[in-house]
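Notebook open, structure loaded. I'll jot down what I look up as I go.

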Amino acid sequence: AQASSAAGGFMSIRVGIVGISGFGGGEAMRLVAAHPSFELVYAAGEGSAGSRLGDLFPGAPRKLADLVIEKWDAAALPPLDVLFASLPTGASAEALARVPKDVKVVDIGGDHRYIEGWAYGLADAWPAQIKGQTHVANPGCFPAATLTALAPLLANKLIEPGNIVID
């Protein structure tokens with residue numbers, strides 16, 4: 001998702017994160033803050049609503065420190081290009097169904113991993129599988145860590161795929 005400014009130059013990709021006070025949401029915030037094309041314009045959480053990002057994350061970049069965490073409401077979203085959702089399993093299916101159709105959604109939680117209309121993917125392992133998709137369900141923590149470590153080894157034939165055991 002890239003937007004152009006009226007002058008024809010590049011304009012940032014407007015990002016929102018729901019579930020920002022949890023581990024996945026905090027990591028999404030850290031990655032979004034460091035990305036040169038992303039602009040975090042919306043942060044939502046239940047227990048942390050009303051807090052400033054800088055209070056919740058003392059190491060947050062200065063440009064994000066004053067962003068106030070809102071109570072999650074899909075009907076009140078500002079204009080976004082992409083929404084990262086890090087909600088507990090069982091909480092995102094209904095909530096994300098109300099997100100406007102023009103917003104791309106990446107579900108970090110577990111609700112959409114095997115749901116029709118959602119691409120199951122990890123950018124580091126299967127970039128072609130998720131390219132151009134509007135709804136992406138990320139693998140869980142353990143599959144993501146495992147796939148990220150094994151994918152380059154398998155792709156470069158440095159290990160045999162038949163006898164891998166992850167314990």
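Predicted model: local features only at pLDDT ≥ 70, side-chain atom pairs only at ≥ 80, totals over all residues.

**Helix α1, buried side.** I started with the buried residues of α1, and got Gly-25, Gly-26, Ala-28, Met-29, Val-32 and Ala-33. Looking down the axis of α1, I find these buried residues within an arc of 160 degrees, so they line one face of the helix.

**What covers the buried residues?** I listed β3 (13-18), β4 (38-44), α2 (53-56), α3 (62-65) and β5 among the elements over the buried residues of α1.

**Largest pocket.** Next I looked up the largest pocket, which holds about 1300 Å³ of space. I count 42 residues in its lining, and the closest to the centre are Phe-84, Val-106, Ile-108, Ala-123 and Asn-138. Which elements give two or more residues to this lining? I noted α1 (23-34), β5 (82-85), β6 (104-107), α5 (127-130), β8 (135-137) and α6 (141-155). My helix from above turns up again: α1 gives the most to the lining, with seven residues. By type, I have the lining down as 22 nonpolar, 14 polar and six charged residues.

**Arg-52.** I then went to the loop between β4 and α2, where Arg-52 sits. Buried or exposed, or something between? I have Arg-52 as partly exposed, at a relative accessible area of 31%. Setting aside neighbours within four places in sequence, I see Arg-52 in contact with Ala-65, Asp-66, Leu-67 and Val-68. I also checked Arg-52 against Pro-161: the two are 109 residues apart in sequence and 47 Å apart in space, C-alpha to C-alpha.

**Lys-157.** Last stop was the segment after α6, where I found Lys-157. I flagged its backbone: phi of Lys-157 is near 55 degrees, a positive value in a residue other than glycine. For context, most residues other than glycine have a negative phi. I also looked up the accessibility of Lys-157, and it is exposed, with a relative accessible area of 72%. The cut-off for exposed is over 50%, so Lys-157 counts as such.

Terms used: Residues numbered from 1 in each chain as written. Heavy atoms only, no water. 1 Å grid on protein atoms, 1.4 Å probe; cavity = no way out; pocket = protein on both sides within 12 Å on 5 of 7 lines; lining within 4 Å. Points joined across faces, edges and corners; volume = space filled by probe spheres on them. Helix = DSSP H or I, 4+ residues; strand = E, 2+ residues; numbered from the N terminus. Nonpolar A, V, L, I, M, F, W, Y, C, P; charged D, E, K, R; others polar. Buried < 20%, exposed > 50% of the residue type's maximum accessible area, 1.4 Å probe, protein only. Arc of directions from axis to C-beta. Contact = heavy atoms within 4.5 Å.
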